[in-house]
Amino acid sequence: MTERPKVIEKPDVLEQPDILKPQPPAPLVTFPIEVVVPEVRQQTPAVGQRATRADGRLHGLGQTKYIDDMYFPNMLFAKIKRAGIASAHIKSIDTKEAEAMPGVIAVITGRDIPCNSFGPSLKDQPVLADKRVFHAGDGVAAVAAVTEQIATEALEKIKVEYEPITPVLDPLESLKLETPGVHAPSSNIYGHKVIKKGDVEKAFAESDRVFEGTFRTQMVEHVPLEPYACIAQWDANGRVTVYSTLGRITLGRADVARTLGIPMSRIRIVATVVGGNFGGKNEIRAEPAMALLSKKTGRPVKCVFTRAEEFTSSTTRHPLIMDYKTGVTKQGKILGRKIRLVLDGGAYCSWSETTLGKACILSAGPYNIENLYAEAFVVYTNKTMTGAMRGFGAPQVCFAYESHMDDIAKALGIDPLEIRLLNAFDEGSLSPTSQKLHSVVVKESLLRAAKRFGWNGIGNGGNGNGA
Amino acid sequence: MVNVTLKVNGETRSASVPPETTLLRLLRDQFNLTGAKLGCDVGDCGACTVIVDSKPVNSCLMLVGQVEGREVLTIEGLANADHLHPLQKLFEHFGSLQCGFCGPGVIISAKALLDENPDPSTEEIRDALGGNLCRCTGYTKMIEAIKGASCILRGEEVPAVKSA
Ligand code: FES
Ligand code: FES
């Protein structure tokens with residue numbers, strides 16, 4: 001007699017493997033460390049302390065491995081041919097002679113890049129320029145050879161025919177609508193922000209004096225001591241490993257996936273020890289080109305920028321042109337301030353939008369200003385691209401608003417320290433975007449600094465250096 | 001190709017390399033001594049500093065032809081992990097390096113200074129580091145570390161440094 005198979009009742013809740021079941025809470029572990037959560041305005045214990053770095057010993061022994069210190073068997077060395085012309089159509093690129101050189105294993109151009117555009121926000125940067133050159137530091141071809149020396153020599157053999165286009169170099173020109181677009185048909189203005197508070201025109205009408213000033217800052221390169229470097233290895237399973245100094249590896253992974261046209265799951269980015277970043281290693285540069293050279297050759301490929309390339313072909317700090325207009329009472333109290341910022345974005349957007357926003361928000365300075373109109377534009381020019389750098393626009397506007405404050409104080413015959421104490425933020429002041437501010441110690445800091453360097457005010461034998 | 005034989009960190013080494021090879025490339029690519037770094041390749045940054053016959057040099061500016069038979073000391077030859085040179089000990093202790101890329105060059109420059117001048121003033125230390133660029137630290141803690149190391153090497157106690 002055979003037993004009828006039991007009907008298995010379907011449980012209401014599917015049986016879950018153990019690992020998916022909610023686990024009992026882990027027993028509480030108490031640390032013999034008192035966790036100090038600082039109160040608002042309380043000095044944290046870390047400030048002013050000395051710290052020893054975990055990696056300090058290896059640094060001092062010269063044992064830290066930066067990318068250029070890594071070597072993989074059979075590795076090739078790559079160099080990138082730079083356009084050297086600010087704006088042009090590329091009519092042709094002839095790589096035959098370079099490819100024929102002994103020791104050259106592969107050459108690629110922009111046409112070999114599956115999707116030749118990337119960027120942290122706007123996807124306006126080509127990995128290698130193919131049809132158009134947007135700035136002199138653009139790469140137009142990449143060579144992989146058995147030695148760096150051969151790769152460098154091969155660059156000379158690559159013949160590129162350009163049809164020059166008049167470059168747009170002045171950001172104020174670029175701002176005008178009739179100026180030809182760097183990335184035509186798009187307008188050159190690719191970011192804009194306005195902050196409005198109160199009524200500045202009314203404030204100017206009520207002011208005793210109105211001051212105007214224009215301030216400019218220059219382009220600044222990060223100059224990390226370690227130049228840009230990466231190693232790419234495309235393996236036989238179709239997976240790519242990229243050793244990179246990127247500060248934002250997940251973003252870099254997305255950009256590498258986009259440009260190579262393969263899923264992110266096939267890309268592994270290994271973040272290495274970085275020899276200085278300062279914001280200049282926040283997006284990919286040559287990684288996709290190196291990955292493709294590796295795919296083409298079946299060998300790992302390393303690329304290290306020369307110091308010159310670091311200047312021409314990595315991001316820099318935005319130069320700003322800053323117009324300030326400020327209405328004050330005779331005593332120096334600011335009634336209204338109007339600001340226009342023009343950021344020179346260079347050839348590509350990169351982190352311009354972040355920089356634009358931060359510069360605009362901070363442009364009024366740490367002062368209580370009831371009536372404010374701040375407007376910021378970022379424009380394309382045919383110059384080295386600008387991007388993230390320590391402060392994202394904050395240092396540039398600080399130079400402008402503090403210089404402006406000094407000019408006003410001087411014209412009114414007021415001590416530059418006094419005019420700042422009269423206007424500076426207090427605890428609970430509202431920022432230009434109406435954020436309530438805490439832990440505000442601007443005045444205390446100013447007074448302490450003035451005391452420590454012996455500031456006596458302009459009338460009392462002070463040395464005239466601004467606070 | 002040229003043949004070159006020299007002493008590196010006390011060991012006799014030779015290689016056959018193209019004549020345009022710099023001492024820095026020779027050390028890094030042929031001898032796998034990657035402690036000295038390539039920061040600029042034109043003599044501006046000092047990341048490649050090594051000692052050649054007791055003088056600090058930018059190894060990126062020296063060609064292999066100039067090093068035949070000479071004695072080279074690199075950061076790897078200064079000490080090992082069990083036994084740090086006082087400079088390395090104090091650079092670690094004071095947190096004198098951040099990214100560390102300039103470190104080997106700076107420490108080698110400092111070593112060359114202390115070999116010549118066992119009790120340098122702050123000015124003299126600054127002078128000795130004149131060819132070494134550091135983008136991270138601002139040099140203050142390096143100078144403290146070098147002063148401290150000079151004390152240790154003279155058999156004196158390292159004076160306490162006050163917090164910022
Ligand atoms: S690499 Fe030699 S001085 Fe910069
Ligand atoms: S520690 Fe980064 S350059 Fe000196």
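The structure is a predicted model, in which local features need pLDDT of at least 70 and side-chain atom pairs count only at pLDDT 80 or more, whereas totals for chains, interfaces and linings use all residues; side-chain values use heavy atoms, with hydrogens and water left out. Residues are numbered from 1 along each chain as its sequence is written, and chains are lettered from A and ligands numbered from 1 in the order in which they are written.

The interface between the two chains involves 39 residues from chain B and 32 residues from chain A, contact being defined as heavy atoms within 4.5 Å. About 2,800 Å² is buried between chain B and chain A, and carbon and sulfur atoms give 50% of this area. Buried area is the accessible area (1.4 Å probe) that two parts lose on being put together, summed over both. On the chain B side, the residues that lose the most area to chain A are B:Glu92, B:Phe101 and B:Arg135, which together account for 24% of what that side buries.

Five salt bridges are counted between chain B and chain A, a salt bridge being a side-chain nitrogen of Lys or Arg within 4 Å of a carboxyl oxygen of Asp or Glu. In one salt bridge, the side chains of B:Arg28 and A:Asp68 meet at 3.4 Å, N to O. Between chain B and chain A, 17 residue pairs are in polar contact, both residues being at pLDDT 80 or more. A polar contact is a pair of N or O atoms within 3.5 Å; within protein, one must be able to donate a hydrogen and the other to accept it, and residues adjacent in sequence count only if both atoms are side-chain atoms.

Two or more residues of the chain B side that touches chain A come from each of α1 (23-30), α2 (86-93), α3 (103-116) and α5 (140-153) of chain B. Of these elements, α2(B) gives the most, with three residues. Helices (H or I, at least four residues) and strands (E, at least two) are DSSP runs, numbered from the N terminus. By class, this side of chain B has 19 nonpolar, 10 polar and 10 charged residues; Ala, Val, Leu, Ile, Met, Phe, Trp, Tyr, Cys and Pro count as nonpolar, Asp, Glu, Lys and Arg as charged, and the others, Gly among them, as polar.

Within chain B, the domain assignment gives domain 1 (2-77) and domain 2 (86-153), domain bounds coming from an automatic or database domain assignment. The C-alpha centres of these domains lie 21 Å apart. In the contact, 16 residues of domain 1 of chain B meet 13 residues of domain 2 of chain B, and about 1,100 Å² is buried between them, 67% of it on carbon and sulfur atoms. One salt bridge is counted between the two domains of chain B. The side chains of B:Glu116 and B:Lys55 meet in a salt bridge at 3.2 Å, N to O.

In chain A, the assignment gives domain 1 (171-221 + 316-423) and domain 2 (437-467), with 24 Å separating their centres, taken over C-alpha atoms. The contact takes eight residues from domain 1 of chain A and nine residues from domain 2 of chain A. About 790 Å² is buried between these domains, and carbon and sulfur atoms give 79% of it. Zero salt bridges are counted between them.
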